[in-house]
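Trainee: I have a model open and would like to learn how to read its features. Please take me through them one by one.

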Amino acid sequence: MRRGEDLMESWQWDREMGLDAEVIAAGRRQIAAALDTLETLLDNPSARTNDLYSAGFRLSMGQGVVGLLPEDRARAEALYRRVFAAGGAGSRYMQEGLLLLLAATEDAASIPFWLEIVDWNRPRDQAGAIRRRIAPAALARLAARRNVPEAYAALRTLLHHPHPEVRALSARDLSRAYWEVERPLPPEVADELADLALHDKDFMPRFEAREALHAAGLPLSPGNLGGSYTFKVKPRRTTGINRTIEVLSQQSLDDLHLAIQDAFDWDNDHLYSFYLTTGANRDDYEIACAMAEGDWSGSPFLQIGALGDGPEPAGSANGDEDDEAGGGPLTTADAVIGALGLGLKHKFIYLFDYGDQNEFEVQVVSIQAHAAPGDYPRIVASEGKAPAQYAVWDDEEDEGYEDGDDSDDA
């Protein structure tokens with residue numbers, strides 16, 4: 001599963017396919033047969049290693065649309081427990097297929113199962129991230145599609161889970177569950193998200209909660225007003241080359257981008273993005289420049305305009321005069337530094353030029369409550385010679401070529 005995939009969006013597309021009852025029934029029969037195969041493989045470990053992949057493929061064929069027969073739900077949960085305990089080749093793929101099938105079944109009886117599996121862990125577990133991603137999304141799907149209060153309550157429980165990724169994704173999916181059915185966030189849910197946005201010790205939950213509030217038309221005021229952030233910026237995979245830049249809290253990622261270009265004496269002639277985490281899930285936290293038209297790869301909540309009409313932002317009059325109250329895609333021009341939930345020592349990525357893929361690591365090295373007088377952004381320290389923006393071609397390699405001649409004939 002791609003880390004940047006929005007499960008709620010893909011499931012919305014699945015629902016709109018409109019398969020008829022006969023096709024769904026046939027798919028469920030095929031899946032029931034695949035469960036039979038899986039059970040046989042688990043009962044015969046010597047034959048299991050090479051066949052879990054093919055069994056997983058048969059299961060995944062209907063994972064988004066068809067779901068399970070009601071009588072197969074408990075059986076699939078029991079088989080999932082066995083696959084998790086057995087591990088081995090093909091286990092990760094099989095776990096994903098089973099979880100997506102259970103999510104598509106939309107059965108309230110699975111709520112305890114979803115709450116249970118986010119706590120599972122084992123040595124060399126390669127499916128932990130899959131469980132953490134699918135479980136909150138499955139609860140949100142059940143809440144939105146079936147209007148199950150217990151599913152909403154389960155998501156609120158996960159807002160306080162020990163794992164920061166679970167808290168983050170639960171904030172995202174809880175907000176999406178209300179948005180799917182065009183319901184405003186209840187005040188108590190908005191209060192929980194605000195507490196997460198302001199006080200969670202980890203960046204991902206803070207950021208996702210802020211986006212959820214933005215999508216609901218309830219954005220928080222930028223933090224650290226009147227203060228400043230100091231960033232150390234260095235080209236990735238280099239040593240001894242860095243620039244230290246101070247930016248006001250109320251300035252934007254665009255201002256930081258321009259300061260980085262100036263600090264390294266580059267030409268600012270390509271598109272760019274910031275990825276607000278350095279982890280494997282960084283695509284979930286991309287904020288692109290406004291000129292990157294059609295690039296919707298970041299978080300779904302600030303892309304509602306790309307997914308169709310949602311509810312009017314709370315507090316706006318028929319949606320006019322307040323486009324910033326929620327709905328549109330967040331760009332680097334809109335992303336105010338003090339509103340991102342950045343903490344001291346937090347690291348993230350600045351990507352410049354989608355072709356050459358120039359990556360810089362950015363770290364928060366200081367947060368000041370009161371900015372000193374002066375012009376901002378400003379470069380306050382510099383170490384090492386800036387790398388060249390473009391590769392320098394050897395003159396010998398260019399011999400025999402003239403402008404306008406792209407032939408490689410002698």
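Trainee: Is N268 buried, partly exposed or exposed?

Mentor: Start with the cut-offs: buried means under 20% relative accessible area, exposed over 50%, partly exposed in between (1.4 Å probe, protein chains only). N268 has 34% relative accessibility, so it counts as partly exposed. Before going on, note that this is a predicted model, where local features need pLDDT of at least 70, side-chain atom pairs count only at pLDDT 80 or more, and totals for chains, interfaces and linings use all residues. Residues are numbered from 1 along each chain as its sequence is written, and side-chain values use heavy atoms, with hydrogens and water left out.

Trainee: What is the phi of N268, and where does the residue lie?

Mentor: Phi is positive, about 50°, although N268 is not a glycine. The residue lies in the loop between helix 13 (253–263) and strand 3 (272–275). Helices (H or I, at least four residues) and strands (E, at least two) are DSSP runs, numbered from the N terminus.

Trainee: Where does N224 lie, and what is its phi?

Mentor: N224 is in the loop between helix 12 (203–215) and strand 1 (228–235). Its phi is near 55°, again a positive value in a residue other than glycine. With a relative accessible area of 24%, N224 is partly exposed.

Trainee: Which residues does a cis peptide bond join?

Mentor: Y376 and P377, with omega about -5°. P377 sits in the loop between strand 6 (358–368) and strand 7 (378–383).

Trainee: How many helices and strands does the protein have?

Mentor: It has 14 helices and 7 strands. Of its 410 residues, 50% count as buried. For contacts (heavy atoms within 4.5 Å), take pairs at least 6 apart in sequence: 70% join residues at least 24 apart.

Trainee: How far apart are the end C-alpha atoms of helix 8?

Mentor: The expected span of a helix is 1.5 Å times one less than its number of residues. Helix 8 (residues 128–146) has 19 residues and should span 27 Å; its end C-alpha atoms are 27 Å apart, which agrees. Of those 19 residues, 16 are buried, so helix 8 is largely enclosed by the rest of the structure. N147 follows helix 8, and its phi is positive, near 55°.

Trainee: How many salt bridges does a search of the whole structure find?

Mentor: The general idea: side chains of opposite charge can pair when their charged atoms come close. The criterion is a side-chain nitrogen of Lys or Arg within 4 Å of a carboxyl oxygen of Asp or Glu. The search finds 24.

Trainee: Which side chain does R73 meet in a salt bridge?

Mentor: That of D107, at 3.6 Å, N to O. The pair links distant parts of the chain, 34 residues apart: R73 is in helix 5 (residues 73–86), and D107 is in the loop between helix 6 (91–105) and helix 7 (111–117). R73 counts as buried at 16% relative accessibility. D107 is partly exposed, at 23%.

Trainee: Which side chain does R145 meet?

Mentor: E106, at 2.9 Å, N to O. R145 is in helix 8 and E106 in the loop between helix 6 and helix 7, 39 residues apart. R145 counts as partly exposed at 24%, E106 as buried at 11%.

Trainee: Are E359 and R282 buried or exposed?

Mentor: Both are buried. Their side chains meet in a salt bridge of 2.9 Å, N to O. E359 is in strand 6, while R282 is in the loop between strand 3 and strand 4 (286–288), 77 residues apart.
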